[in-house]
Amino acid sequence: MLDIRLIREQPDFVKNRLTTRGGDDAAKVDAVLRNDAKRRSTETELQQLNAERKRLSREIGMRRSKGESTVALEDQVSDVIDEKISRLKTETRMSEMLQREQLLEIANLPHATVPIGKDASANLELPGWGEKPQLVSRDDHVTLGARLGLFDLGRAAKLSGSGFICFTGRGAKLERALINFMLDLHTREHGYMEVSPPFLVSRECMEGTTQLPKFEQDMYGLDPDPENKNRMFLAPTAEVPVTNFHREEILAVKELPKKFVAYTPCFRREAGSAGRETRGILRVHQFDKVELVKITTAEKSYEELDSLVKDAERVLQLLNLHYRIVELCTGDLGFGSAKTYDIEVWSPGQNSYLEISSCSNFENFQARRMNLRYRDADGKNKFAHTLNGSGLALPRLFAALIETGQQPDGSIRLPEKLHSFFGAEKIR
RNA sequence: GGUGAGGUGGCUGAGUGGUCGAAAGCAGCGCUUUGCUAAAGCGCCGUACCCCAAAAGGGUACCGAGGGUUCGAAUCCCUCCCUCACCGCCA
């Protein structure tokens, strides 16, 4: 969430930045400010009364130790002050809760370098890597998968309904090979620590990484104990458990940046996206992903974002897949992100690019929610910057890979890097 | 699920009703001294919020969370959460 001080001190700046996103978040700023003013005045009043009570109570203690009577003083405290204090306490707490709720609904400010624009058409296309492959045949992944028995969409639907995928045989093995390849690359060559986190996460974690409260309808929730509100959620991305790993901690500046890589399945309702990019395995309710997460200092976070994107690109380069990079404009930016690069891989079967990774710098937007800080060199505690992305979504990577590798004889040639992980050079 | 023990500042760990926001140690920061990849001495050193134009300064809250008792709670009572140990059940 945003810093209430920033909103208070530079409301116009905040509103202007929010306006670049489109939407109506700028309008919410005034409501926050109204409540903030009220909150502070009741808080001040409460604190003055508390100070008075404290002073009197201390005096009672002193007089008692001298054996003097303190009845009058005691009455004064309990009658006059206590009643008022409890009322002001309630008011203050309500204002605080309201403030948090209000702040949770307001999106992050786009970074100054982000191109201004209404929607995806204003995104900035950056140079990618490689070229569109010249293919003799150009079957798409659905055809290829069915012919070679790599996955079974019909039976997946039987098990769980539409929008599910079941990899089979060599397809399952290829998916596993891709996961292992990526984990090994990022841990051995890029210096990330591997984590294998829980897939079920608490509401607090979902709030910390901004999936909640705004996007609850897109998430899968479990209700083990509806009365206690102990609701758990299926993680929609490893970003959630991994970024929250250090929540409510104060890290030493010298241990930053923290770099994590995690493989997890991801669960998404994809509510409202029926019909969009849904062919085959491109948009499903459960998919595997290898995610990168960094926790950094404020000074280094954009540097770290660049290197994160490079780490992600490396996977595609080693797999010989053509891709491009898109810098999202203000209107296309995700709720919590200050700056985002999408990596889009070329899919010969779709004859288009597929978004396969979204690399974002959240600055301290998530860290404020998670209360994740670091102790700077000068001894001050600051909110950390969190980054994540390049979580190459496995089904789309899989699709691009088999479409790109198809040979005139109907087989699929795999990139050299995968041979040892897969145990063969070709699928035929 | 049952029983027992426990949750205190970045860390370790004292503290059982009134100058306790909290001893001590470690870590960190600053200075001094000895000239050697460090030691010693001294000082500083929690967080959030509020007041103040700002700095200085002042104030309030926070000892797992939430309630309660009391003029006053880290300290007493209740509920919950978590950790550890043992038992039961189970992959």
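Q: Which residue stands opposite Ile343 in E11?
A: General idea first: two strands pair if DSSP finds at least two bridges between them. Strands here are DSSP runs of E with at least two residues, helices are runs of H or I with at least four, and both are numbered from the N terminus. In this structure Ile343 faces Ser357 in E11. The strands involved, E10 (residues 339-347) and E11 (residues 352-361), pair in the antiparallel sense over nine bridges.

Q: Before we go on, how should I read the numbering and the model itself?
A: Residues are numbered from 1 along each chain as its sequence is written, while chains are lettered from A and ligands numbered from 1 in the order in which they are written. It's a predicted model, so local features need pLDDT of at least 70 and side-chain atom pairs count only at pLDDT 80 or more, whereas totals for chains, interfaces and linings use all residues.

Q: In what order do the eight strands of the open sheet come?
A: Read across the sheet, the order is E1-E9-E10-E11-E14-E8-E7-E2, with mixed pairing. The edges are E1 (124-129) and E2 (193-195), each of which pairs on one side only. From one strand to the next the twist averages 25°. For such angles, axes are lines fitted to C-alpha atoms (for helices, over the stretch in contact), and the angle runs from 0 to 180 degrees between N-to-C directions.

Q: Which strands does helix H7 lie across?
A: Look for contacts, meaning two residues whose C-beta atoms, placed from the backbone, lie within 7 Å. Helix H7 (residues 169-188) lies across E2, E7 (258-267), E8 (286-296) and E14 (385-393), and runs at about 10° to E8. Helix H10 (residues 301-318) packs on the sheet too, touching E1, E8, E9 (323-327), E10, E11 and E14, with its direction at about 10° to that of E14.

Q: What percentage of contacts in chain A, between residues at least 6 apart in sequence, join residues at least 24 apart?
A: That's 73%. The chain has 13 helices and 16 strands, and its C-alpha atoms fill a box of roughly 105 × 45 × 40 Å along the principal axes.

Q: How many residues surround RNA strand B?
A: "Near" means that a residue's C-beta atom, placed from the backbone, lies within 6 Å of the strand. Here 19 residues surround RNA strand B, the closest being Thr44, Asn50, Ala51, Gly61 and Val77. Helices H3 (25-65) and H4 (71-104) are the elements that give two or more residues to that surface, and H3 gives the most, with twelve. The surface divides into four nonpolar, eight polar and seven charged residues. Nonpolar covers Ala, Val, Leu, Ile, Met, Phe, Trp, Tyr, Cys and Pro, charged covers Asp, Glu, Lys and Arg, and polar is the rest, Gly among them.

Q: Where is Pro213 placed?
A: Pro213 is in the loop between H8 (203-208) and E4 (220-222). Check omega there: the Leu212-Pro213 peptide bond is cis, at about 5°. Another cis bond joins Leu256 and Pro257, with omega about -5°.

Q: Is Glu248 buried or exposed?
A: Count the other C-beta atoms, placed from the backbone, within 10 Å of the residue's own: 20 or more is buried, 12 or fewer is exposed, and in between is partly exposed. Glu248 counts as exposed because it has 11 such neighbours. This non-glycine residue has a positive phi of about 60°. Asn371, with phi near 55°, has 12 neighbours and so counts as exposed. Across chain A, buried residues make up 37% of the 428.
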